Amino acid sequence: MLHWARADGEPPRSVGLQPKTYRYASTRPDDGALRTRLKELASQRRRFGYRRLGLLLARQGVRINRKKLYRLYKEERLSVRKRGGRKRALGTRAPMAIPQDQNLRWSLDFVMDTLSSGRRFRVLTLVDDFTRECLGLVVDTSLTALRVVRELGQIIESRGCPRMIVSDNGTEFTSNAILAWQEELGIEWHYIAPGKPMQNGFVESFNGRLRDECLNEHLFANLNEARQIIEEWRIDYNTNRPHTSLNGLTPTEFATRPNRGQTQNRLSL
């Protein structure tokens, strides 16, 4: 039998209910607004645990004791995002339209090779996805993010600023130096999905030609020789080498033709 306490102080009365049929009615508030705000903060600050989220709530005038905060945090199945090996910039992930004029989209990548001494060097490759022009081939043993920013700035001075740049998630392209630079210039930076090099198909196709027609054809005694031979090949590629996907035109001819903004651009690999 259950006993109910009376407000007037009289002895409690028994109610004929079986204990297993009686349920306690909670008087807790639903805390709907608090839960919503907690989830918003957790999504914005994915490396914050419930204690630091509580500090943010307190700054906004919402004071809640630690036990209740922890209970709501668990009930909403919130957790701290696992720490990765390093930050990965996300960039855009929407499908990219094929550009219809020059300087709308550039693509960046790196190619590795070795000198005759066995010393490794890298080549930063940059192409315009519409005209297929190779805008730059930077050769050095080390190419940092700051060096990439400097080289891009020099090309922009002579050619103009692109609307978008496409690259993979390499450390040189996801650094704070790159992110600050592209934000300052208002350039959209698109990162391809990890393990999907063909999402950067224009520069990947170019890299294959560079390796097949230049890197594999020469032994480079030193960096200066490598820079000279690779730059000569770049000029020949732009001005003399016919491109099948450009109807037999060279990239320079294609870029300077009168109706360059009217021709449909096709990717041919």
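The following legends describe close-up views of a predicted model.

**View 1. Aromatic pair of Tyr-50 and Tyr-70.** A search of the whole structure finds 11 aromatic pairs. In the pair of Tyr-50 and Tyr-70, the ring centres lie 5.0 Å apart and the planes meet at 65 degrees, so the arrangement is edge-to-face. Tyr-50 is buried, at a relative accessible area of 10%, whereas Tyr-70 is partly exposed, at 38% relative accessibility.

**View 2. Aromatic cluster and charges over rings.** One aromatic cluster is formed by Phe-110, Phe-173, Trp-181, Trp-189 and Tyr-191. Over the ring of Phe-110 sits the charged end of Arg-122, 4.0 Å from the ring centre. The charged end of Arg-257 sits over the ring of Phe-254, at 3.7 Å from its centre.

**View 3. The largest nonpolar core.** This core contains 21 residues, of which Leu-108, Leu-124, Leu-152, Ile-165, Phe-173, Trp-181 and Trp-189 touch the most other members. Two or more residues each come from strands E3 (105–114), E4 (120–128), E5 (134–140) and E7 (188–191), and from helices H4 (145–159) and H5 (176–185). Helix H4 gives the most, with six residues. Leaving aside residues up to four places away in sequence, Leu-152 touches Leu-108, Leu-126, Ile-165, Trp-181 and Trp-189.

Technical notes. Residues are numbered from 1 along each chain as its sequence is written. This is a predicted model: local features need pLDDT of at least 70, side-chain atom pairs count only at pLDDT 80 or more; totals for chains, interfaces and linings use all residues. Side-chain values use heavy atoms; hydrogens and water are left out. Rings of Phe, Tyr and Trp (its six-membered ring) pair if their centres lie within 6.5 Å; planes under 30 degrees apart count as stacked, over 60 as edge-to-face and the rest as tilted. Buried means under 20% relative accessible area, exposed over 50%, partly exposed in between (1.4 Å probe, protein chains only). A charge sits over a ring if NZ of Lys or CZ of Arg is within 6 Å of the ring centre and within 35 degrees of the ring normal. A nonpolar core is a set of buried Ala, Val, Leu, Ile, Met, Phe, Trp, Tyr and Cys residues joined through side-chain atoms within 4.5 Å. Helices (H or I, at least four residues) and strands (E, at least two) are DSSP runs, numbered from the N terminus. Contact means heavy atoms within 4.5 Å.
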